[in-house]
Amino acid sequence: MTIGAALPVLLLATSLVPAIATFFIPERSHRLRTALNVIAAVVKVVLVGALVAGVLYFGLEFEWRAAFLPGIDLVLRADPIPLLFVFLSALLWLTTTVYAVGYLADDGHRSRFFGFFGLCVTATVGVALAGNLVTFLVFYELLTVTTYPLVVHDGTAKARAGGRAYLLYTLTGGALLLLGTVWLHALAGPLEFGQTEVVGALAVNHRTTLTIVFVILIVALGFKAALVPLHGWLPQAMVAPAPVSALLHAVAVVKAGAYGIVRVVHDLFGLPLAQDLGVLMPLTIVAAITIVYGSTRALIQDDLKRRLAYSTVSQLSYIVLGISVVSLSSTTGGLVHLVHQGIMKVTLFYCAGNLGKRGVHRVSEMDGIGRRMPVTMLAFTVAAVGMVGIPPTAGFVTKWYLGLGAAEAGQPWIIGVLALSSALNAAYFLPPVARAWLPPDPGERSEPTGRALAGEPGGWLLLPPVATAVSVLGLGILAGAPLSPLTWAAFIAEELMPS
Amino acid sequence: MNALAWLAPVALPIAGALLWPVVGPARRWLLVLAPLPALLLGVFGAPGPPPQLNWLLLEAIADLDIGSRPLLVMTAFVWMVAGASARRIGDDRPAFASLMLLTCAGNVGVLLAADVVTFYVMFAWMTFAAYGLVVHHRTESARRAGRVYVVLAVLGEVALLAGLLLAATHAGTTAMPEVAGSLATAPGRSMIIGLLIGGFGVKVGLVPLHVWLPLAHPAAPVAASAVLSGTMIKAGLVGWLRILPLGEVALPGFGATLIGLGLVGAVLGVVAGTLQSDPKVLLAYSSVSQMGLITTAVGLGLVLPDDATAAVFAAVAYAVHHGIAKASLFLGVGVHKAGTRGWSHRTLLAGMGLAALALAGAPLTTGWIAKQTLKSVADALPEGGGQPLTLALSLAAAGTTVLMVRLLWLVREPSGPRSSPRSDAPADARGVIAPWASIVVAVAVGGWLLPLAVPDAPSLLPLTTSGLWDGLWPVLLGLVPCAGWLRYRPDRRLARASPRPAIPAGDLLLLIERLAPAVSIPAWWLLHRFDAMERRARTFQDVGRVTVRPGALIDHLEDRLTGWRTAGALYVLIGIAVTVALALGTA
């Protein structure tokens, strides 16, 4: 096996092997398990760094393939778009592992948790590197099942209800994805991502069928990407422990759906064909509705994690919106939001987890919490401001490019949607921030309980949100720097644009 | 060295804000020193052309033009003085000093930014950092001011972003001169210009977007009020001057609207301000009034593209004058609150009197120069439109005189030192008198230094007897009703009739606040109903449960699956199976 083939496999193995090993680590061997998982996460980051350097500086090709079904290979390939996603998942896996170690310090099922956690990341990396639709499908389904035990980790009735909703939605989506995949292969034969000309050639005779397949694939992916009205599971799945929610909302599940939509549009059908079929405009409209709907619903949620969940519904569709509008800046904005949304949302869930550790689960309980937990709330403030799109954060960069793209494509109504969404985002993100930093109103003060009086949690729980919050600022301030996700996304978008 | 000269004005305050908690006792001087690089850049100019900053934001461009350089000098100076008078405040609340420094960075950045993205970033940065200054006292009125401030700020930012996006797309670049130039031919020009005027108008206090101003400026500690009313309010003006197609195309509709709204603001500020009994609220209304006059200058620039440069210069000269005079008045109120007796009170009254004369435009003051410049632009209006406008400007000056007399009346009594812990003034009044005195000196001499700073400015000193009389008579006219008022004191009767001012701070806002529940309560109710409905329905799942009836089965399965050994082993088996399959496949 050459280096080019080994690296993608190694990337999978760095989380698969420790994950399986973790299942057999006795519950009390805390240090061993922590060391194994953290080291594995660091190794993965280093490997991803090597991968990125190899592709960008040495022009190497990384591809691994193995026969799977007759005529169809399992393919892992490091194209530019996958690199972006792998990069994100490796980094956030590291921070989330550190966070989870701190978060679950008193939990009784840590080996089970970290085992599935590792499997979940393995599946995510597989989804990211998948070189064709079949490989994508395999890892996508694997992701569904490995995440379920994490969602129901607490074992309460509520957790199980959330898990049930999660399975029902995502398995339905998976079945549809299978249908779409089979149908497309029946039409086109063996097909890899990037071979848009193959599908394009079919358009001559099979326009209607291709349109139907496109819709089926997008709907299938829409379940995980939480497009309205397929979003119902997401607010319920927020019963999961904070590190799981963080990963779920930032890289793993919902992001796999959005990422799938990116690949179907750009690497399977290709923009010219999708535009020709007239399927992009409906997708834009669905994304716009989802953006406004999610933000509106988030407005009245008092439960912090529920509010964040509805915010995810809204923010993910920024990606879909960017992908479905045909212009350079839109595509750039959509792609870069894959990274930006992940880092901002992961920060918010870390902070929500820290607040939960102190008995604060609701926005109405956040009065004056900034004095007791200044570091957590500073990170929360930065990420929340980023979500609203206030500069100089990562969220602003996304919003600017999406807006620019909308104007370039001659669809200024989208700027109106973005403006409305920004105002709504401000309306549900800024009040908790203000509450946290201002002392409680004397009128509605509730007596803090014993646990709530304690200050910041330990370093394992503080370091990750601080690191990601600093990145949220860094990605905004240094957006124009070489190797920034923006530069990267702009480079990819340049390649994808039909000239 | 050159890059440092351009970056330090923004970078130093940010570094100061971040390092505040770790710097020792020396940090008292941080607030004073942080704006120094900006002042030096403004006074001496940069050693070289602006550096390329491709890595910063979205390829940031920095520059200083004829308009922003005098404003930079004024802004940096006012920040230094305000910082000097706020040195002690940070001791009990480090966040305040850090927020002051962050806001300062944004404010200076607005003046240096030369591309729309950097400009917007700095503008928003300044706006949102200043929220912390507004709510500093944590009182109910400060919170209300903060809420109103943020709501209007968000709406303004949103309008601004939409306008800038559309303008930049048409221009195909983000460099501000090009964007402003191409705006003249942009499709949907009216909408874009409307969005930009409105977006910056929030900051400028353009009627009716001014409602936050009389609440927020008084709510902050005096040092913050001084910069809010003195320098930050000008950021919106800079936005207008940089992005509107001044001199490119005649926009009589927008120009007339701005002139009209500016004059309404000038009158409203005087009327509502005179009725106030809190000197800080009065000063905030005075800012609405003065910014109204500056808005008139911008409106003239839109109506008269040929005289646009003169109009821009009039607006900038007025802004520099107002920034220094207003800051000195706010700081004077701070000195008064800190406590004055005997000679210090007489000095205070003399200094504030000087600044008040400058605002009213008395001859030979900075205000006189600014007003004369503005009037000379107004004279260029065709068809005798200039005469009514110059008359209106003179009458506004008379109104300002009334307003300033009222201000001096409010601070006429010496005040003992207050030592309440909530007081924003330091216990020792001497600490605030020195910085205040320095800015009063600037009020006195600033007008004469302005031509030196901008050598290629239009002629500034119309030293004619008619010009002197032109500045003098409005002040005398304004003193007439004041004398009558002192004689009959109608305010005593008014105060007996109603203890609250006839126009409470925020004027129009009270109307909006009264009407808002009519919309918000039904909307909220509907949202909650909908939320409850969706929670109950969960159609998708219920269908699954009814038809398959898997409840017991799934629970049972879950029990088995959640035991990790079962599940873990299952995955290991699957993993092995896949590996074997793969191995066979490749073989």
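Student: What lies over the face of Tyr140(A)?

Tutor: That's Lys224(A), at 3.7 Å from the ring centre. Keep in mind that this is a predicted model.

Student: And over in chain B, which residue lies over the face of Phe123(B)?

Tutor: There it's Lys203(B), and the distance to the ring centre is 5.4 Å.

Student: OK, ring against ring now. How many aromatic pairs does a search of the whole structure find?

Tutor: Over all chains, the search turns up 22 aromatic pairs. One of them is Phe119(B) with Phe200(B), an edge-to-face pair with 5.7 Å centre to centre and 80° between the planes.

Student: Which helices do Phe119(B) and Phe200(B) lie in?

Tutor: Phe119(B) is in helix H7 of chain B, residues 116-134, and Phe200(B) is in helix H10 of chain B, residues 189-204, so the pair ties together parts 81 residues apart in sequence.

Student: Are Phe119(B) and Phe200(B) buried or exposed?

Tutor: Both of them are buried.

Student: Switching to the surface: which residues make the nonpolar patch?

Tutor: Leu56(A), Tyr57(A), Phe58(A), Leu60(A), Leu483(A) and Phe491(A) make a patch of about 650 Å².

Student: Where does the largest share of that patch come from?

Tutor: From helix H2 of chain A, residues 30-58, with 3 residues. Phe58(A) has its place in that helix.

Student: Why does Phe58(A) count as exposed?

Tutor: Because its relative accessible area is 62%, and exposed means over 50%.

Student: Last topic, the chains themselves. How many helices and strands does chain A have?

Tutor: Chain A has 21 helices and 2 strands. In chain B you'll find 25 helices and 0 strands.

Student: What about the accessible surface of chain A?

Tutor: Chain A comes to about 15,300 Å², with 68% of that belonging to carbon and sulfur atoms. Chain B exposes about 24,000 Å², and carbon and sulfur atoms supply 69% of that area.

Student: And of the contacts in chain A with a separation of 6 or more, what percentage is between residues 24 or more positions apart?

Tutor: In chain A they account for 80% of those contacts. The corresponding figure in chain B is 83%.

Conventions
Residues are numbered from 1 along each chain as its sequence is written. Chains are lettered from A and ligands numbered from 1 in the order in which they are written. This is a predicted model: local features need pLDDT of at least 70, side-chain atom pairs count only at pLDDT 80 or more; totals for chains, interfaces and linings use all residues. Side-chain values use heavy atoms; hydrogens and water are left out. Patches are made of residues with over 30% relative accessible area and no salt bridge: like charges are joined within 9 Å, nonpolar side chains (Val, Leu, Ile, Met, Phe, Trp, Tyr) within 5 Å. Accessible areas come from the Shrake-Rupley method with a 1.4 Å probe; for residues, only the protein chains shown count as cover. A salt bridge is a side-chain nitrogen of Lys or Arg within 4 Å of a carboxyl oxygen of Asp or Glu. Helices (H or I, at least four residues) and strands (E, at least two) are DSSP runs, numbered from the N terminus. Buried means under 20% relative accessible area, exposed over 50%, partly exposed in between (1.4 Å probe, protein chains only). Rings of Phe, Tyr and Trp (its six-membered ring) pair if their centres lie within 6.5 Å; planes under 30 degrees apart count as stacked, over 60 as edge-to-face and the rest as tilted. A charge sits over a ring if NZ of Lys or CZ of Arg is within 6 Å of the ring centre and within 35 degrees of the ring normal. Contact means heavy atoms within 4.5 Å.
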